[in-house]
Structure formats: C-alpha cells, structure tokens
Amino acid sequence: MDLKQSSDQYIAQTYKRNDVLFIEGNGSNVKDEMGKEYIDFGSGIAVNTLGIADTKWADAVCEQVRTLQHMSNLYYTEPQSKLAQQLCARSGMRNVFFSNSGAEANECMIKAARKYASDRYGDKRQTMITLRNSFHGRTVTTLSATGQDAFHKQFGPFTPGFVYAEPDDIEELQKLVAAHNPGAIMIELIQGEGGVHVLDRGYVQTLAKLCAEKDILLLIDEVQTGNGRTGTLYAYMQYGIEPDIFSTAKGLAGGLPLGATLFGSKTKDVLGPGDHGSTFGGNPVCAAGALAVLEQLDETLLAEVRQKSQYTIAALSCAKGVKSVTGMGLMLGIEPEHPAADVVADCLQAGLVVLTAKTKVRLLPALTIPQEVLEQGIAILLDALAK
Ligand SMILES: *Cc1c(COP(=O)(O)O)cnc(C)c1O
C-alpha cells in the first residue's frame, strides 16, 4: 500500500486532500514524492511565514530542541519570556496568553471578554456580536462565533451568546448593539476563509468608536492576517484602531503550532491565576521559532511584502479570466471566471500550489518569496485563469 492509500485508510477522513504527497522544500519551492517541483503560494495556509526550512529559523528551533524542549507553565523559560516582551513592544499591547492554535487563541479571547463583562456588569452583557461570513475556528464555541449557518449544524447544542451582524453595515450593527447590549464585538479585518473580504475602513473606525463609547470590548481575530501577512505586523495597524484584545496563530511561529492572545490596558488583568491555562502553550521550541520569525519581520521585509502585493495585484487585476482581486499584502483573493477548484487543479498540474476561499482563488505566499519565483508562479496562474 502506498502512503496516500495508507493515509486514507488510517487517518480520519476530515480533509478533501489533493493527490500530492510533499516531501521537502526550500523557501517557496517544494517537491513531491515523484520529484516534481512546485512553487508554493499557499505556505501551509499562511503558516510558513519565512517559507520552507529557512536557515535561521531552523537553526533557532533545532538549538532549542537540543537545549530544553519543554517545561510546564508552572516555571519560567527564556524563549517564552523574550517572545512575550517582543510581541508587546511591537504591538503596543500589555501582556499575552500563549496557546497552540487559532481556535484556542480565540477561545481565550472569548473567555477573557466574558470575564471582563462579568466583572463589570454581572450577567447584563453576556452577548457577543460577530460578523456574518466570518471564520473563528472549529471548537464548539468558536464554531458558534463563526457567523455562517453552514457551521451551525449537527454538532449542537452550540455555545449560546453570539449574535451575527452583516459586515460593513454600520446601521445594522448600531441596532444590534441597542437591542442586545453586547459585552464585545469580534471581527476579522480581512475575512480570510470567507473569501478574502477586506472590511471597509470607515466601517471599522466607526465600529471601534462605538465600542470605546459604550465600553464594548473590541476583539480582533488576526489568526490569518497577523505576523506581517498584510504588509504591517498586524492588520489593525493599517486601520487606525487599537483592539482591546487580539488573537493570532497561523504564521506566528513560522510552521510550529503557537497561538497568542494579546491584551491591552483595559483587559490585561482580567484573567488571573486558575482562570485559563495550557500545557503546551508558549512551548520553548515554538517560542524560539516565533522569535526567529519576528526578528526577520522587520520594516525592510514588511516594505517588500507591500511592494510584492502591488506587483501581484497589478499583474492579475486586468488579466484574462479574472473578475476581481481583493486583499492586502500577500493575502490576496482572485475571483476567477472559471470555478476556483478548476484553477487550483490546473495550477497544481502545472507546478503551482494555490488555495481557495469560497468562490475565490486564494494566494498566501511566504513573505520572503523571491521576486523571480513570484513572477514564475504568477505566469502559471495567469495561464490557468485564462484557460
Ligand atoms: C485559521 C483561522 C482560525 C482557526 O485557526 P486554527 O489554528 O486552525 O485553530 C481562526 N480564525 C481565523 C481568522 C483563521 O483564519
């Protein structure tokens, strides 16, 4: 039996896998078991921030593995301590809780928001508003928070307390706030899984003002948009707003599982001893990986991300077979004239890995992708779109 057949037999069938088995890679190039080479515009869904097997990242991770791979959060460790300090220094947030995934980072954000409301308002502000078309994770509570009916079937009963608002409709939001007296509003600034929908700047600023006026916590899910993906360290930095809490994961540790929930001045002391915890959260190896990512994510790299973004948008916007291009930085969505799944299959055949999001083709290349590799990938993509 080959490895693909064996996987299908012994791994729960929760993924519709493409018929490719990857074995190794370097930067934005990756090879399958047959030796066929691909350009990677997916980064493991925005995870491999520095591409595959970045030397400095790999060295930092391997050194930490050989030094101290894990101690529990009952003790202090150096990589976790340094990472927390740097995340706060570079985001302006006050402290951080570490977990292992986006769903967990959001779960912590939701728990903290509920506790804040409970501390201040008793049981009066238990509702949280989230947006339709959002995606916040796969645990029962983060599924509840996800504003898509398709996710609210068969796994009930779901966690109560969530109300959904249409993105970019400030009047509806104002009505829902008046009707439900929410404790918090949670948004993605770019709805990633929802089709790379970029929230309107004016809408977000009005929403943030409404939150500040009414002491409603503003929660931002930066699981996908974070860690340089949109051309700034976090996407909220381009909206002129400050979250009360934000979450991140995916690209944070460059390929290792790490989630983070960051608290601002209003929320930094909400969770106390015993209120929350994680065995693996902030594990030294993952933290060492994240420190190596942050170190390379400087203003130079972020400026390159913005330049490559402009280049890619310009190359694709008026191309044959393209209806529209949305997104920020290197988180881009293309509305194709053909079904997105066909474009993905054609690209894979021709040696390019791309993703979908709803009806769109989604691009999430490594932030370090060399310009010439980006151009090679775009050429394959243009062919597939024009077919
Ligand atoms: C991927 C994603 C999640 C879930 O992250 P996991 O690590 O898969 O749990 C949550 N929110 C957003 C915006 C995401 O893109």
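Me: Why is Asn181 called partly exposed?
Reply: Happy to start there! Asn181 has a relative accessible area of 35%. Buried means under 20%, exposed means over 50%, and partly exposed is in between, with a 1.4 Å probe and protein chains only as cover. So Asn181 counts as partly exposed. A word on the source: this is a predicted model, in which local features need pLDDT of at least 70, side-chain atom pairs count only at pLDDT 80 or more, and totals for chains, interfaces and linings use all residues. Residues are numbered from 1 along each chain as its sequence is written, and side-chain values use heavy atoms, leaving out hydrogens and water.

Me: What is noted about phi of Asn181, and where does Asn181 lie?
Reply: Phi of Asn181 is near 45°, a positive value in a residue other than glycine. Asn181 sits in the loop between α7 (170-180) and β7 (184-187). Helices (H or I, at least four residues) and strands (E, at least two) are DSSP runs, numbered from the N terminus.

Me: Why does Ala53 count as partly exposed?
Reply: The relative accessibility of Ala53 is 40%, so Ala53 counts as partly exposed. Phi of Ala53 is near 55°, a positive value in a residue other than glycine, and the loop between α2 (43-46) and α3 (55-67) holds Ala53.

Me: Why is Thr248 called buried?
Reply: Thr248 has 0% relative accessibility, so Thr248 counts as buried. It is part of strand β11 (residues 245-248). Beyond residues up to four places away in sequence, Thr248 touches several residues, including Ala105, Val223 and Leu258; contact means heavy atoms within 4.5 Å.

Me: What makes the pair Thr248 and Asn227 a polar contact?
Reply: The side chains of Thr248 and Asn227 are joined at 2.9 Å. A polar contact is a pair of N or O atoms within 3.5 Å; within protein, one must be able to donate a hydrogen and the other to accept it, and residues adjacent in sequence count only if both atoms are side-chain atoms.

Me: Which residues surround the ligand?
Reply: Among them are Ser101, Ala103, Phe135, His136, Gln224 and Lys250. The cut-off for being near a molecule is that one heavy atom of the residue lies within 4 Å of it. Helix α5 (residues 102-121) gives the most to this shell, with three residues.

Me: How do you know which atoms reach the ligand's oxygen atoms, for instance from Lys250?
Reply: The distances tell us: a polar side-chain atom of Lys250 lies 2.6 Å from an oxygen atom of the ligand. A polar backbone atom of Ala103 is 2.8 Å from an oxygen atom of the ligand, and an N or O atom in the side chain of Gln224 is also 2.8 Å from a ligand oxygen. The protein covers 81% of the 390 Å² of accessible area that the ligand has on its own, by the Shrake-Rupley method with a 1.4 Å probe.

Me: Why does the chain's radius of gyration agree with a compact globule?
Reply: A compact globule of 387 residues would have a radius of gyration near 21 Å, and the chain has 21 Å, so the two agree. The radius is taken over C-alpha atoms, and the globule rule is 2.2 Å times the number of residues to the power 0.38. In this chain there are twelve helices and 17 strands, and buried residues make up 52% of the 387 residues.
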